[in-house]
Amino acid sequence: MAGTVVLGIESSCDETGAGLVRDGRLLGQALASSMDEHARFGGVVPEIAARAHLEAFTPVVREALDRAGLWPADVGAVAVTTGPGLSGALQVGLAGAKTLAHSLGVPLYGVHHLAGHVAADTLEHGPLPDPCVVLIVSGGHTSLLLVRDLARDPVVHLGDTLDDAAGECFDKAARLFGLPYPGGPAIDRAAREGDPGAVAFPRPLTGPRDDPYAFSFSGLKTAAARWAERYRARGERPPLADGAASLQEAVADVLTRKAVAACREHGVGTLVVVGGVAANSRVRALAEERCRAAGIALRVPPLRLCTDNGAMIAAVGDLLVRAGAAPAPLDLSVDPSAPLEYAALHPVGRAAPALV
């Protein structure tokens with residue numbers, strides 16, 4: 001229903017997000033991250049993430065409402081990430097969302113996390129063209145999708161990652177290079193001083209016999225490891241700026257090459273690039289360059305909407321509400337490994353024990 005304020009809750013990994021959207025417009029959002037707590041371990045620790053969500057949930061929702069100038073009673077629907085993600089982290093967000101929806105007497109919607117990334121672009125650039133090709137690049141996911149009506153139609157997968165996602169490649173390579181976690185931003189910063197052509201890193205799955213839109217970054221990660229090891233075996237320090245720039249170039253090349261090819265093959269005039277790796281400067285620049293050359297319109301959300309946030313979940317909820325979608329059942333559960341088929345994700349079943 002038009003005019004409904006939708007509160008979105010995101011807790012799939014290490015960021016607790018809340019956002020408020022009405023009729024496609026972002027009213028306010030807030031975010032708390034436990035990234036610093038995970039950095040010393042070199043990656044996300046599920047138990048730490050779940051505890052951090054417990055502590056951050058209420059303050060983040062309150063802050064989002066304050067920034068929007070709204071009261072809880074103004075909320076007309078609640079949307080929450082129900083998968084994929086870390087099971088314990090998802091459970092915290094779902095429990096909080098259920099409590100809010102029940103206490104306010106408003107409908108609850110389960111949302112697929114990756115659909116949230118797709119919908120994030122609508123908050124900046126308006127409704128998605130029908131159809132459009134969407135490239136999702138994040139820490140755990142790399143997919144090429146054909147999207148029509150996100151709230152009503154199934155999402156068509158043109159290609160997915162077969163092993164490591166692009167973000168995983170950055171994180172693991174950064175650790176091998178001795179760069180800090182999270183690896184993506186660290187690689188991007190180091191690459192600014194490097195030569196992207198210094199190291200001939202491979203371009204995985206770009207041969208003529210390969211699945212044209214599948215991705216694989218494990219081999220690239222291994223190549224980066226071997227490159228760094230060769231220097232260390234000689235007692236030398238690897239030229240990290242050149243390694244980072246060359247690795248970043250390889251990832252950006254594969255991602256944008258396949259995305260533009262998918263648009264051409266399917267006769268689609270708009271490419272949307274979303275997810276945490278969409279914040280990478282070289283991915284954005286090369287996508288812009290290749291789309292311009294191919295006559296394809298490029299849409300990329302601003303940096304604040306690329307990484308996980310509650311606004312993107314509220315954006316999906318807003319689309320579902322305006323499309324007249326049925327709310328989630330009372331026994332809504334989570335699905336930590338849910339494939340992306342529809343934007344709404346309403347798994348049911350026995351919930352995991354509550355965290356105390």
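Predicted model: local features only at pLDDT ≥ 70, side-chain atom pairs only at ≥ 80, totals over all residues.
Biologist: What makes a charge count as sitting over a ring?

Modeller: The charged atom, CZ in the case of Arg, has to be within 6 Å of the ring centre and within 35 degrees of the ring normal. Another case is K258, whose charged end sits over the ring of F215, 5.7 Å from the ring centre.

Biologist: How many aromatic pairs does a search of the whole structure find?

Modeller: The search finds 4 aromatic pairs. One of them joins F201 and W227, with ring centres 6.2 Å apart and planes at 80°. Centres within 6.5 Å make a pair and planes over 60 degrees apart count as edge-to-face, so F201 and W227 form an edge-to-face pair.

Biologist: Which parts of the chain does the pair of F201 and W227 tie together?

Modeller: F201 lies in the loop between α7 (183-191) and α8 (218-233), whereas W227 belongs to helix α8 itself, so the pair ties together parts that are 26 residues apart in sequence.

Biologist: Are F201 and W227 buried or exposed?

Modeller: Both F201 and W227 are buried. W227 also pairs with Y231, at 5.4 Å from centre to centre and with 65° between the planes, which again is edge-to-face. These two residues are 4 apart in helix α8, so about one helical turn separates them.

Biologist: Why is W227 called buried?

Modeller: Its relative accessibility is 5%, and because buried means under 20%, W227 counts as buried. Y231 has 22%, which lies between 20% and 50%, so Y231 counts as partly exposed. W227 and Y231 also belong, together with F177 and F201, to one aromatic cluster.

Biologist: How do you know that α6 and α8 are roughly parallel to each other?

Modeller: Their axes come within 9 Å and cross at roughly 5°, and since angles under 35 degrees count as roughly parallel, that word applies to α6 and α8. Where the two helices meet, C169, K172, A173, L176 and F177 are the residues of α6, and the residues of α8 include W227, A224 and A228.

Biologist: What makes α2 and α3 roughly parallel as well?

Modeller: Helix α2 (residues 46-68) and helix α3 (residues 87-104) pack at an angle of about 30°, with their axes 9 Å apart; this angle is under 35 degrees, and therefore α2 and α3 are roughly parallel to each other. The crossing of α2 past α3 is right-handed. The contacts bring A50, H53, L54, F57 and V61 of α2 to residues of α3, among them G88, A89, V92 and L100.

Biologist: What makes α7 mostly covered?

Modeller: Of its 9 residues, 7 are buried, namely G183, G184, A186, I187, D188, A190 and A191. These buried residues of α7 pack against α6 (166-177), α9 (240-265) and α10 (281-294).

Biologist: How do you know whether D23 and L205 are buried, exposed or partly exposed?

Modeller: The relative accessible area of D23 is 39%, and because this lies between 20% and 50%, D23 is partly exposed. L205, with 24%, falls between these cut-offs too, so L205 is partly exposed.

Terms used:
Residues numbered from 1 in each chain as written. Heavy atoms only, no water. Phe/Tyr/Trp six-rings, centres within 6.5 Å; stacked < 30°, edge-to-face > 60°. Buried < 20%, exposed > 50% of the residue type's maximum accessible area, 1.4 Å probe, protein only. Axes fitted to C-alpha atoms, helices over the stretch in contact; angles between N-to-C directions. Parallel < 35°, antiparallel > 145°, perpendicular 65-115°, else oblique. Left-handed = near helix turned anticlockwise from the far one by under 90°. Contact = heavy atoms within 4.5 Å.
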